[in-house]
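Take a look at the model below. We will go through it one contact at a time.

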Amino acid sequence: MNLTLKVWRQAHADDRGEIKTYEANDIPEEASFLEMLDIVNEQILEKGDDPIHFDHDCREGICGMCSLNINGVPHSKEKGITTCQVHMRKFRDGDTIWIEPFRAKAFPIVKDLVIDRTAFDRIVAAGGYVEVRTGSAVDANSVPISKPDADAAFDAAACIGCGACVAACKNASAMLFVGAKAAHLNLLPQGQPEKDKRVLGMVRQMDAEGFGNCTNQYECEAVCPKEISADVIAKLNRDYAKAAVKEAVGR
Amino acid sequence: MNSLGKSLCAFWNSSIGKKIVVAVTGILLVGFLLGHMAGNLLVFAGREAMNDYAYFLHHMLHGAGIWFARIGLLVAVVLHIVATVSLTLHNKASRQEKYEHEATVQASRSSRMMIVSGLIILAFIIFHILHFTVRVDSGLADLKDPLDASRHDTYGMVIAGFNVPWVVLFYVVAISLLCSHLSHGIASIFQTLGLRSAKTEKATKALSWGITILLWIGFLIIPLTVLLNIVNDKEAAGQAAIENSAVHNLTGYRPSLNQVPSAE
Amino acid sequence: MSSLNSAIPPGPLAEKWTRYKDSAPLINPANKRKFSVIVVGSGLAGGSAAATLSELGYQVKCFCYQDSPRRAHSIAAQGGINAAKNYQNDGDSVWRLFYDTIKGGDFRSREANVHRLAEVSSNIIDQCVAQGVPFAREYGGLLANRSFGGAQVSRTFYARGQTGQQLLIGCYQALEKEIARGGVTMYPRTEMMDLVKVDGHAKGIVVRDLKTGKIESHAADCVILATGGYGNVFYLSTNAMGCNVMAAFRAYKRGAYFANPCYTQIHPTCIPVSGDYQSKLTLMSESLRNDGRIWVPKSRDVAAKIRAGKMTASDVPDDQRDYYLERKYPSFGNLAPRDIASRSAKEACDDGRGVAKTGLGVYLDFRDAIDRLGKDTIEARYGNLFQMYNKISGEDPYTSPMKIYPAVHYTMGGLWVDYNLMSNLKGLHVLGEANFSDHGANRLGASALMQGLADGYFVIPATLPSYLVNETPGSVTTSNPAFREAEEAVNARIGQLMKNGASGTRTVDSFHRELGFLMWDKCGMGRTKEGLEEAISKIPAIREDFWANVKIPGSTSSLNMELEKAGRVADFIDFAEMTCHDALNREESCGGHFREEYQFTEEDEDVKSGFTNPGEAKRRDDEFSYVAAWGDNGPGKKPELHKENLEFEAVTPSVRSYK
C-alpha cells in the first residue's frame, strides 16, 4: 500500500520543529507500524538524510518505550495496544497518517519523536515502592492475599510506563500512571505500612514535574495499552484525601 | 505557621487537594440548586405559597439566616472558581505545545468546555442576582404583594420577569449550559472524592444525569410556562410594573392586553 | 591453552554455598560506604544488584541505554520463574530443581553454581512477594504454580503472561527507592563504550551519553556487567531491538574470556517470519505448551495444500495429524525441553510438512484443550497471549490453531566467570544472561528470571567482598591515564565509523541483516563443519565492507540512532566470528548446539534399546566436557581457547532422554 506520512521533525530540544511530509510506498500489509517507519527510514537514508528518530525497543508491547501519537491518538485509535503492535493492515491504501511525539511539558522532546520520560522515574522514586531490604522477606505464603485483591493489584500493576495517558490527556495529567502505581501497592497487604507516605510523596512529585491535573475525561483510560481503568484515579483521590487528613491532624 | 496550617497549604497547593475543594464546593452548589429549584416550583402553587416562602427565607433567624446562606454560597462559589481557574491555568501550562492533528477518543463535549460553561454561568449568576435579588429594575423591585401590601411580590416579579422573550432565551441558554456543566460536574464529584468505581459507574452516571435533567426541567419549566402564558399573574398586579420596567423599555416590548387577563 | 580456576569452594555440593557464606570475607558498614561499584545494565540482574548493593551501603552507579531502567528486556519474559518451594507437595526439592537444570543444560554447566541457584530460588520468591509482585494466587490466597518445559513438577510461579514485567517492576522500584535515598546514581540513555583496566583490574568504564554524544569516564572499585545476551547477532530474534553484545565484547577485547558463545537457545514457540521487512520475532510463552498440542500433517501433500490456502487445519482429520512431540517423547510430550522441541519443528518443516506460507511453521492447537476445559478456562489462562497472537497475525487462535516456529531467544554463553561471578579479569563481575554460568548448553523455561535475580539479589552481594577486601577504596580515579587512553580509543572508533557520514553506500541495518542471515543459516539450529567454515570465511568480507562503506548521517554530538546501531553491529560482526569458531571447535551436539555430524543413528546402542531416538543430539563427554572460554588474540586473528573442565561430583552425565 502507499501512504502519505505527516511526521514531526525536530532536530533537538530547542529546535522549533515542524511537520514534514513523506511518501511511504509499497508498504506490505503484514508489516507493523514501526516496520513501516523502518522502511521509510531506509528510503530517507538512501538519500543521505537523517532518519526519523523514534523510541522503540522490545517491539512486543511490553517495554513501554514506543510512543507515537498516530492521527492524534497515542498508540493509534485501536484499543489496548502499543505503537509497536499497530499493524499496517489496519490502514488503507492512500491514507494520510499524522505521526507526532507524545506531547507534555513534563516530557520534553529530545529529537523528532523521541521524548524524555524520566519524570515518571522520579515519581516512582518518590514513593512507588515497598521498602523491603533484600533478604528480610518472610516466606512468600505467610501472608495470604485473596485472589480478587491480587487480581485487582495486578490490573493496576500492568502499567508499562509508556506515558500514553499523559499524551492523550488534554491537561497532560499523569493521574492514571500515578494512580496505577499507587493502586498496585496500596491494594496489597505488603503496601499498607507506607500507604499514606507513598500517596503524598508521589502526588507531590507529580505536581512538581509539571503534569496537569485530572478533569475526569478519561482519555487516558481509552488509550492505555494495558487498559487500566480510571478507577485507579478515584482510588488515588480517595487515598490522597485520607492521607492528607491524617497528615493534617498529625497522625 | 503551625503544622495544621502547613498541611492545609500543602493540600490547597496540590492538584488533588484543589480538585477536592472543587468537588466539595460543587456538592454545596448542587445542593443549593436543588433547594432553589424546589422553592421556585412553588410558583405553581400560587402567589401566596411563593410569597410566604420568600418571606420565610428573608426572615429566618431574624433575617440573619439568609445572610449566612448567602455568605456560605459566596465562599463556595469563589473557592470553586478560584480553584478551577487556577487548575485550568496549570493545565494549559502542562500542555503548551498543541498537537498539529488533534483527536478526542471519549471525552464528552461538556467535559471539554467546563471552564467556558463555568464562566458563562458566572455571568448568568451575576445577571440573575441583579435581576431577581438586587432587583436593579425598580419596576420589579417595587412590586407589592396584592394579598399583603407590606411585603414584596416575588410571585409577580417572576411572572413579570419571564414575560420577556430575550430574558427567557438567556435563561434557557444559561440553564442548558449549567446542566452541561453539571452533567460532567456531578459525575466528577464522585470520581474526585474517590467514590466511583467500575461497579458503581452506572449508578453514578444515572444519578448525575438524573439530577442534571431534573434541574434542567425544574428550572426551565418556570420561564417557559410563564412565557407561554400557562402560568400567569391572575391578580394582574404586575401589569403596571411591566409597563414601567426598564428591562422592557430596553426591548421595546409591551405585553398586549389579551396576554394579561384582567383581575377577577 | 590454559586452564581456568573456577574458585569452587570445597565441601559437599549441598553445603558449598552455606560454607562459603560462613567463611567469605566481610566488609564492615563504615567501610562499605567507601567502596564504589559500577553496574552496567538495569534488568533483573543489574537492577537487583544495584539496589541490593546500595542497601548494603556501597556507592553505586547504574547505567542503561534505555530511557528508564524499567525498560530492560527482562520485562518481556512471559512465562514464569522457578523456585524449589514445593508448595504443591508434588515432590519438588532443591535437589530436583538442581538436577533438572543440570540435565536441561545437557550436562554442560557447573554443578556448584547450579546448586547455589536452586538453593536461593526460594528466597527470590519471598523477596519479590514482599516487594508487591502480584503473582498468581489460588482462591485460598496462597501462591499458584504451573508446570513448565523440562520438569515434571509444578514449580513455576507466574504473573499472568507478564512475569518478567512484574519482577522487573519490583526490582525497578527497589532501584528507584535507592536512587531517591542517594545510594544509586542512575544514568539512563547512556551506553558503555569501553572497559577501563588499571594494573590488570577492571576499574571503570567509558560511556557515551546518547542524548548529547558526550564521551565520559567513570571510575569505581569494581565493575559489574549485567548487559544481557547476544541473540541479536542473528538479526531476527525475540530480543529487544537494542539488545547488543557491545559491553561484553568490549570487556572481551580488554582481556575477559568469552565462554561457550555457540550455546544459543532457539525457542520453539514464536510467531513465524512473514516477510523480509521483519524487524523482530515475537515469542509466544512456552506455557502455551501446557495445553496446546503441536502438530503438522502426516503427508507432505496435505501440508502443501495448507500452504497454498486450499485447505485449513480443521480439514485435517486426527489420523492425518502428526503430533510429533507426543509421538517421539511420550512422557514429556508437548513439554519437551526447548532445544528438542525446536529441532523437531525444524525436522518436520525440512521434511516438507510445514504449514506457514513460507513453509516454516507448525501448528500449536488448542482445539482439544477447549473441548476438554471450555473456552473460558483457556481464555483465563492464555487470554492475553491469544490476544497478542491475534493482533500480530490477524488470526483467531480460538477457532484456528496458532502457527509457530522456532526463533533465537536466549544465549546461554557469556563472559566466563568463577564461582564469585568474577571474570578472569580481576574486578570485573558478570551477572545474569551476560555470564555463561548456570544454564549449560540449554536453558529450561522459567530459569532465566531465576538466575538474573539470584545473581543480583543474593549471590553478588555475598561474593563481591571477596574481591573488594583486597582493594583500597577510591584508589583509582578518572585522572588515571588509562581513562584518557580508553576515551581516545572510543573517540577514534566513532570517528572511524562516521568517516563516510551520509556518503557511505550501505545502511547499518543492511549489514546487520546480512550477518544475521548468514549466522542463522550456518550457525543456527543445525550446524556443520562446512557451514561454519564457510561462515568464518565470509565474515571478514562483511567486516571489511562494513568499515569501508557504512553510511551514518547526522552528528556525533546529539541523539544519533544510526551511530548507536553501527557501534553495536560492528561488534556483532567480530563476535559472530568468535561464535562460529566456538561452534566449529565443539565437535559434539549438546543442548542448543546441534552439530549435524553428531547425532544418534539406528546403529547406536541407546537407540536400539529404545532409550533415545535417532536424530537426537549426541554429546561427546570424553572430549568436550569443558567450558570453552575464548580470549582475544587481536584483530583478525583466531581467538585463543581456554578450557575449564567440568567436574561432576554429584550427578553422572547421561544421555538426556525425555521419552
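In this predicted model, helix α5 (residues 111–131) of chain C packs against helix α13 (residues 448–468) of chain C at an angle of about 100 degrees. Angles of 65 to 115 degrees count as roughly perpendicular. α5(C) and α13(C) are therefore roughly perpendicular to each other. Their axes are 9 Å apart.

Which residues make the contact? From α5(C), they include C:Leu117, C:Val120, C:Ile124 and C:Cys128. From α13(C), they include C:Leu453, C:Ala454, C:Tyr457 and C:Phe458. By class, the contact of α5(C) with α13(C) has 10 nonpolar, six polar and one charged residues.

Now turn to chains A and B. Here 50 residues of chain A are in contact with 40 residues of chain B. The area buried between the two chains is about 3,700 Å². Carbon and sulfur atoms give 49% of that area. In chain A, A:Arg103, A:Lys170 and A:Asn213 lose the most area to chain B. Together they account for 16% of what that side buries.

What links the two chains? Across the interface of chain A and chain B there are 36 residue pairs in polar contact. There is also one salt bridge. In it, the side chains of A:Asp231 and B:Arg196 meet, at 3.0 Å from N to O.

Several elements of chain A supply at least two residues each to the side that touches chain B, among them β5 (96–101), α6 (195–208) and α8 (231–248). α8(A) gives the most, with 11 residues. By class, this side of chain A has 28 nonpolar, 11 polar and 11 charged residues.

Methods
Residues are numbered from 1 along each chain as its sequence is written. Chains are lettered from A and ligands numbered from 1 in the order in which they are written. This is a predicted model: local features need pLDDT of at least 70, side-chain atom pairs count only at pLDDT 80 or more; totals for chains, interfaces and linings use all residues. Side-chain values use heavy atoms; hydrogens and water are left out. Axes are lines fitted to C-alpha atoms, for helices over the stretch in contact, and angles run from 0 to 180 degrees between N-to-C directions. Helices (H or I, at least four residues) and strands (E, at least two) are DSSP runs, numbered from the N terminus. Angles under 35 degrees count as roughly parallel, over 145 as roughly antiparallel, 65 to 115 as roughly perpendicular and the rest as oblique. Contact means heavy atoms within 4.5 Å. Ala, Val, Leu, Ile, Met, Phe, Trp, Tyr, Cys and Pro count as nonpolar, Asp, Glu, Lys and Arg as charged, and the others, Gly among them, as polar. Buried area is the accessible area (1.4 Å probe) that two parts lose on being put together, summed over both. A salt bridge is a side-chain nitrogen of Lys or Arg within 4 Å of a carboxyl oxygen of Asp or Glu. A polar contact is a pair of N or O atoms within 3.5 Å; within protein, one must be able to donate a hydrogen and the other to accept it, and residues adjacent in sequence count only if both atoms are side-chain atoms.
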